[in-house]
Every structure is written in structure tokens, then in C-alpha cells.
Amino acid sequence: MKTLESLVAEKLLKIKAVKLQPANPFTWASGWKSPIYNDNRKTLSYPVVRSFIKLELARVISEKFENVDAIAGVATGAIAQGALVADLLGLPFVYIRSTPKDHGLENLIEGELKPGSKVVIIEDLVSTGGSSLKAVQAVRNFGCDVAGMVAIFTYGFPVAEAAFKDAKVTLTTLSNYDAVLEEAVRTHYIDESEIAVLQEWRKDPANWDPK
């Protein structure tokens, strides 16, 4: 029987929400060269995958966290899925901007969040952890308790793991980089000989040289 992380990895690869190109790396917005590209927004276009992820995120929240008062999604990737999960759980939903709105009320958190609320934050992807933990801090600054964060996927960078530990945030993910590599080899998406390159990249992605 497949684990959840393997099942999610299989679905992400099948709809090309995750792409692996060790021989022809992508360039991220940060300028990093990467053999992998992840866009979980694609899951929203596939009803079966969208529902599966919604149900699993909701299940994780129900099992891991008690007495949750609200769900918060990190803009923009986790807004839609966060709203779906909040609807399924019958909880209020807000989303967290990366920067405050530059007009009107200049909100950083959109929606109605009551100070003192116990909040679970939903993220679509965790890379270095910077933007994810910025969202956590925004909720804490609002006077709320962040019970934890639940994400669809993480690259598992050591820098992110250290950052979450320092911030005292429990991170739970449906799938991860290792599961994607295992599934990609199993389905012959990549050759086993390419695994070493993919693992080397994760050790120091900022300085990885594909040559």
C-alpha cells in the first residue's frame, strides 16, 4: 500500500505540477538554477486531484490540531486550497498577503480574524521557508496563536528545517522531494543515474552548478 507522500507525489508528477529536468535546469525567480520546478496551482485545474488534496489537508488538520478557530492561506498559491479546506471544516478563512495592500485599509491579513484565535496556516509549497514564516509572523503579530502549518509540498532544504525549528512552528506536508524522486524513478520519469545530481542540488541549491 502506498504512503500518502507517495500518492501525492504520483499525482503531482502526473499532472506536471512537478517537473524534473536534471539535464536542462530551470531558473527560479531567485536566480537559482534548479533541476525541479513545482507549481501546485495546477492541482486546482484537476477536480480529482484538487479534491484529494483538500481532503488530505483537512484530515491532517483534524488529526493533528485541536480546537482550531480559523484557517489562513498564504497568498497567492494557497488561497484557493485554503478556502476549500476551511469550507470543508466549517471554519473561518483569511489569507495573508506577502506585503500590506498599498491602499484602503492597507491590510496584510484579508478577511476577519479575531485576536486570540488558534490558527492553522496552509501553504502550497515550502522552499527556503522565508515567505512561509513571514506569514506565520503576520498572524502572530495580529495576536493569534499559530497552531502549525500544513503544506502540499516541501523541498526539504536544511535551511528551511532550521528556520521552522527556530520559529517554533510545526510543519506537516503531504509530500516532499524524496517522495517525488522515488516516484519519478519508479515510473521511469527519470533514470536512477540522475538521482545523485538531484540529491546534490538540494544540499546547496543557491550555489549549485549544473555543469
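Which side chain of opposite charge is nearest to Glu123, and how far away is it?

## About the model

This is a predicted model, in which local features need pLDDT of at least 70 and side-chain atom pairs count only at pLDDT 80 or more, while totals for chains, interfaces and linings use all residues. Residues are numbered from 1 along each chain as its sequence is written, and side-chain values use heavy atoms, with hydrogens and water left out.

Let's start with the answer: it is Arg41, 8.0 Å away. For charge, Lys and Arg count as positive and Asp and Glu as negative; His and the chain ends are not counted.

Glu123 sits in strand β8; strands are DSSP runs of E with at least two residues, helices runs of H or I with at least four, numbered from the N terminus. Its side chain makes a polar contact of 2.8 Å with that of Ser132 (a pair of N or O atoms within 3.5 Å; within protein, one must be able to donate a hydrogen and the other to accept it, and residues adjacent in sequence count only if both atoms are side-chain atoms).

## Ser127 in the loop

Ser127 lies in the loop between β8 (118-126) and α4 (130-141). Ser127 counts as partly exposed because its relative accessibility is 24%, between the buried limit and the exposed one (over 50%). Beyond four places in sequence, Ser127 contacts (heavy atoms within 4.5 Å) Tyr155, Phe157 and Ala160.

Key
Buried means under 20% relative accessible area, exposed over 50%, partly exposed in between (1.4 Å probe, protein chains only). A salt bridge is a side-chain nitrogen of Lys or Arg within 4 Å of a carboxyl oxygen of Asp or Glu.
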